[in-house]
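Please look over the sequence and the model below.

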Amino acid sequence: MLTSIAGQSVIVTGGSKGIGKGIAKVFAAKGAKVVVAARGLDDAEATAKEIRHAGGAAIAHAADVSNWESVQALVATAVATFGTVDILCANAGVFPQKKIIELSPEDWDQVLDTNLKSTFLCVKACIPVFEKAGKGRVVVTSSITGPITGYPGWSHYGASKAGQLGFLRTAAMELARYNTTINAVMPGNIITEGLQDLGQSYLDGMAKAIPLKRLGKVEDIGNAALFLASQEASYITGQTIVVDGGQILPESAEAIDSI
Ligand code: NAP
């Protein structure tokens with residue numbers, strides 16, 4: 001049993017759908033007050049409403065995490081509504097699939113801005129709040145794709161996800177003076193709206209390649225994020241947790257077939 005996070009103020013970027021929605025619901029179920037942030041206000045509001053109907057505390061806020069002014073406004077809204085930001089879950093991300101030969105410089109920038117630059121912007125905007133409070137927590141949603149594995153069509157995505165880990169190792173050192181930790185969850189294949197867009201044959205193929213023989217649930221990532229935000233994880237910083245059902249382990253197709 002982890003020490004309660006009830007009453008803590010949490011920003012979840014990309015909280016309207018998928019993994020972010022899972023994180024928002026897991027934290028809200030433990031009594032945290034959640035700011036659900038995404039570009040689409042309707043979806044964010046629907047998630048916040050779902051949380052409120054279940055007895056939790058949540059508001060929706062429209063933000064584009066690749067835009068500095070928008071991120072500053074998000075943090076200001078969280079502080080104005082809930083008094084502070086105790087926990088930042090920098091989760092928003094996109095994963096359009098395109099091979100390098102077809103990838104334009106603009107495609108590259110869009111993915112790097114949304115997935116990597118956003119992580120820097122969200123952390124930067126929260127630093128004055130963490131400094132004032134004398135504490136803070138950051139949980140980044142990275143991926144196994146990039147830091148550990150590769151997949152055709154995701155060179156830009158993989159670079160952004162590996163880049164987040166490069167960022168967090170130095171950020172962990174800089175944030176330590178504000179009694180703030182930063183760690184990352186590295187999901188394998190988790191069933192979300194975004195992943196379902198890749199089609200059933202992709203989902204079926206992936207499930208076969210995972211030792212636990214199923215795709216992950218958004219709550220699997222929410223629970224790992226909850227641990228990293230907990231009092232019990234207060235001496236962990238600059239680290240990562242892979243949550244992938246063993247997906248990165250098999251050395252060959254034979255290895256997975258022989259389970
Ligand atoms: P998803 O279902 O497509 O949801 C993405 C969320 O991010 C939505 O709430 C979306 O809302 C928001 N978003 C996208 N661009 C944004 C922007 N510029 N500003 C603010 N919000 C933005 O995706 P997901 O599968 O849950 O993925 C979430 C995170 O997990 C990503 O960082 C992804 O890389 C990572 N991840 C996912 C998997 C997986 O298997 N699903 C595996 C590894 C890592 P709007 O479109 O309304 O803005």
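**Around the ligand**

In this predicted model, helix 6 gives the shell around the ligand its largest share, 3 residues. Helix 6 covers residues 193-196, and at least two shell residues each also come from helix 1 (18-29) and helix 5 (155-175). The ligand has 30 residues around it, and those that come nearest are S16, N91, Y157, I190 and T192. Sorted by class, the shell holds 14 polar, 11 nonpolar and 5 charged residues.

D64 places a polar side-chain atom 2.9 Å from a ligand nitrogen. The backbone takes part as well: a backbone N or O atom of G194 is 3.1 Å from an oxygen atom of the ligand, and a polar backbone atom of K17 is 3.5 Å from a ligand oxygen. On its own the ligand has 880 Å² of accessible area, and the protein covers 93% of that.

In soluble globular proteins, nonpolar side chains tend to be buried together. Here the largest nonpolar core has 33 residues, and the members that touch the most others are I11, V85, L88, V138 and I182. Two or more residues of this core come from each of strand 2 (33-38), helix 3 (68-82), strand 4 (87-90), helix 4 (105-133), strand 5 (136-141), helix 5 and strand 6 (180-187). Helix 4 contributes the most, 7 residues.

Apart from neighbours within four places in sequence, V85 is in contact with S9, I11, V75, A78, V79, C126, V129 and F130.

**I19 and its surroundings**

Which residues does I19 touch, not counting those up to four places away in sequence? They are N91, T141, P187, I190, T192, V218 and I221. I19 itself lies in helix 1, one of the helices that supply residues to the ligand shell. I19 counts as buried because its relative accessibility is 15%, and buried means under 20%. I19 and D220 are 201 residues apart along the chain, and their C-alpha atoms are separated by 9.0 Å.

Methods
Residues are numbered from 1 along each chain as its sequence is written. This is a predicted model: local features need pLDDT of at least 70, side-chain atom pairs count only at pLDDT 80 or more; totals for chains, interfaces and linings use all residues. Side-chain values use heavy atoms; hydrogens and water are left out. A residue is near a molecule or strand if one of its heavy atoms lies within 4 Å of it. A polar contact is a pair of N or O atoms within 3.5 Å; within protein, one must be able to donate a hydrogen and the other to accept it, and residues adjacent in sequence count only if both atoms are side-chain atoms. Accessible areas come from the Shrake-Rupley method with a 1.4 Å probe; for residues, only the protein chains shown count as cover. Helices (H or I, at least four residues) and strands (E, at least two) are DSSP runs, numbered from the N terminus. Ala, Val, Leu, Ile, Met, Phe, Trp, Tyr, Cys and Pro count as nonpolar, Asp, Glu, Lys and Arg as charged, and the others, Gly among them, as polar. A nonpolar core is a set of buried Ala, Val, Leu, Ile, Met, Phe, Trp, Tyr and Cys residues joined through side-chain atoms within 4.5 Å. Buried means under 20% relative accessible area, exposed over 50%, partly exposed in between (1.4 Å probe, protein chains only). Contact means heavy atoms within 4.5 Å.
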